[in-house]
Amino acid sequence: MIDYTLINNPYDGLLSYNHVFETGVGKYLKQHTLECWLEFEAADPSVGVKEDWTVFYAYLEGVDIAELLSDDVKEEIILGAMQYCADEAAQP
């Protein structure tokens with residue numbers, strides 16, 4: 001029997017990263033977590049391709065809001081994911 005869950009996994013090959021952000025002020029300050037899935041494509045200088053990161057999915061309380069995110073928020077997520085990867089690589 002074939003396990004189709006492995007064949008059709010939409011997250012296969014994507015990096016999982018949790019992005020934490022806050023909304024509100026004062027006593028109304030609330031912390032949220034976006035469960036993000038990103039794709040990384042390494043640079044290939046031989047053909048002029050730069051390193052590229054893409055936010056594919058961003059779940060807030062179970063709802064994918066990736067298409068609603070501004071470019072600034074996507075850039076913040078990507079920078080956080082890059083730092084996360086660098087920290088993980090530095091671990092012995």
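## Burial and surface

Of the 92 residues in this protein, 22% are buried. Please keep in mind as you look around that the model is a predicted one. The exposed surface comes to about 7,100 Å², and carbon and sulfur atoms supply 54% of that area.

## Fold and overall dimensions

Two helices and four strands make up the secondary structure. Followed along the sequence, these elements give the pattern α-β-β-β-β-α. The protein is more spread out than a compact globule, because its radius of gyration is 16 Å, well over the 12 Å that the globule rule gives for 92 residues.

## Charges

The protein carries 4 positive and 18 negative charges. The mean position of the positive charges and that of the negative charges lie 13 Å apart.

## The cysteines

A disulfide is a covalent bond between the sulfur atoms of two cysteines. The structure holds zero disulfides. For cysteine 36, the nearest cysteine sulfur belongs to cysteine 85 and is 12 Å away, whereas a disulfide calls for two sulfur atoms within 2.5 Å. Cysteine 85, likewise in no disulfide, has the sulfur of cysteine 36 as its nearest cysteine sulfur, at 12 Å.

What about their surroundings? Cysteine 36 has a relative accessible area of 0%, so it counts as buried. Cysteine 85 has a relative accessible area of 28%, so it counts as partly exposed.

## A look at glutamine 31

Glutamine 31 sits in strand β2, which covers residues 30-41. Is this residue buried or exposed? With a relative accessible area of 55%, glutamine 31 is exposed, the cut-off for that label being over 50%.

Setting aside neighbours within four places in sequence, glutamine 31 is in contact with Val20, Phe21 and Glu22.

Technical notes:
Residues numbered from 1 in each chain as written. Predicted model: local features only at pLDDT ≥ 70, side-chain atom pairs only at ≥ 80, totals over all residues. Heavy atoms only, no water. Buried < 20%, exposed > 50% of the residue type's maximum accessible area, 1.4 Å probe, protein only. Rg over C-alpha atoms; globule rule 2.2 N^0.38 Å. Areas by Shrake-Rupley, 256 points an atom, 1.4 Å probe, with all protein chains shown as cover. Lys, Arg positive; Asp, Glu negative; His and termini not counted. Charge placed at Lys NZ, Arg CZ, Asp CG, Glu CD. Contact = heavy atoms within 4.5 Å.
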